[in-house]
Amino acid sequence: LGLRAGARVLRLDRLGLADERPVSLGSHHFPAARYPHLLEALRDSATVTAALARVGVNDYRRQQTRVTARMPQGNEAELLRMPRNRPLLVTESINVDAAGAVVEFGITRYPTPRVQIVFEP
């Protein structure tokens with residue numbers, strides 16, 4: 001997020017469902033001082049994009065996505081209703097606004113083999 005040590009961060013955890021089955025577990029991190037009303041906007045909005053628009057971020061883009069695989073940690077397997085011995089796909093993403101300032105750092109975990117990730121230009 002480009003913040004100094006000790007700066008406040010707002011974290012939103014979301015469980016994504018498809019046909020009532022978990023398909024993603026996302027953790028979204030935002031610089032709290034930059035968006036003082038974001039928590040309220042997240043409570044009242046269906047999507048992160050809509051919440052960011054409510055606090056003045058009308059456009060942002062993905063700067064980077066890293067994809068790795070690892071075994072589930074803690075309660076991830078339970079939340080995603082998957083075996084502990086099956087790996088997760090993990091994406092780490094950085095989203096920036098039009099000026100290049102970091103808006104969000106996100107980590108999303110996906111249970112295999114329920115999802116596939118496709119990158120297109």
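Contact here means heavy atoms within 4.5 Å. The model is predicted: local features need pLDDT of at least 70, side-chain atom pairs count only at pLDDT 80 or more, and totals for chains, interfaces and linings use all residues. Residues are numbered from 1 along each chain as its sequence is written, and side-chain values use heavy atoms, with hydrogens and water left out.

**Exercise 1. Fold and overall dimensions**

Task: State how many helices and strands the protein chain has, and in which pattern they follow.

Solution. 
- Step 1. Helices (H or I, at least four residues) and strands (E, at least two) are DSSP runs, numbered from the N terminus.
- Step 2. The protein chain comes to 3 helices and 5 strands.
- Step 3. Along the sequence the pattern reads β-β-α-α-β-α-β-β.
- Step 4. The C-alpha trace spans about 40 × 30 × 30 Å along its principal axes.
- Step 5. The radius of gyration is taken over C-alpha atoms, and the globule rule is 2.2 Å times the number of residues to the power 0.38. For 121 residues a compact globule would have a value near 14 Å, and the 15 Å of the protein chain agrees.
- Step 6. Among contacts between residues at least 6 apart in sequence, 50% join residues at least 24 apart.

**Exercise 2. Leu80 and Ser24**

Task: Is Leu80 buried or exposed, and which residues is Leu80 in contact with, leaving aside neighbours within four places in sequence?

Solution. 
- Step 1. Leu80 lies in the loop between H3 and E4.
- Step 2. Leu80 counts as buried because its relative accessibility is 0%.
- Step 3. Beyond its neighbours within four places, Leu80 is in contact with Leu15, Pro22, Ser24, Leu25, Leu88, Arg109, Pro111 and Arg114.
- Step 4. Ser24, in strand E2 (residues 21-31), is buried, with a relative accessible area of 16%.
- Step 5. The residues that Ser24 touches, not counting those up to four places away, include Arg14, Leu15, Gly16, Leu80 and Thr108.
- Step 6. From C-alpha to C-alpha, Leu80 and Thr108 are 12 Å apart in space, and they are 28 residues apart in sequence.

**Exercise 3. The largest pocket**

Task: Which element gives the most to the lining of the largest pocket?

Solution. 
- Step 1. On a 1 Å grid over the protein atoms alone, a pocket is an open set of points where a 1.4 Å probe fits, with protein on both sides within 12 Å along at least five of seven lines; lining residues have an atom within 4 Å of a point.
- Step 2. Grid points are joined across faces, edges and corners, and a volume is the space filled by probe spheres set on the points. The largest pocket holds about 380 Å³.
- Step 3. Of its 22 lining residues, His28, Arg62, Glu104, Thr108 and Tyr110 are the closest to the centre.
- Step 4. E5 gives the most to this lining, with 5 residues.

**Exercise 4. Backbone exceptions**

Solution. 
- Step 1. Most residues other than glycine have a negative phi, and most peptide bonds are trans.
- Step 2. Glu20 is found in the loop between E1 and E2, and has a positive phi of about 65°. Glu20 counts as exposed, at 68% relative accessibility.
- Step 3. Arg81 also has a positive phi, near 50°, and lies in the loop between helix H3 (76-79) and E4.
- Step 4. The cis peptide bond joins Thr112 and Pro113, with omega about 0°; Pro113 is in the segment after E5.

Technical notes:
Buried means under 20% relative accessible area, exposed over 50%, partly exposed in between (1.4 Å probe, protein chains only).
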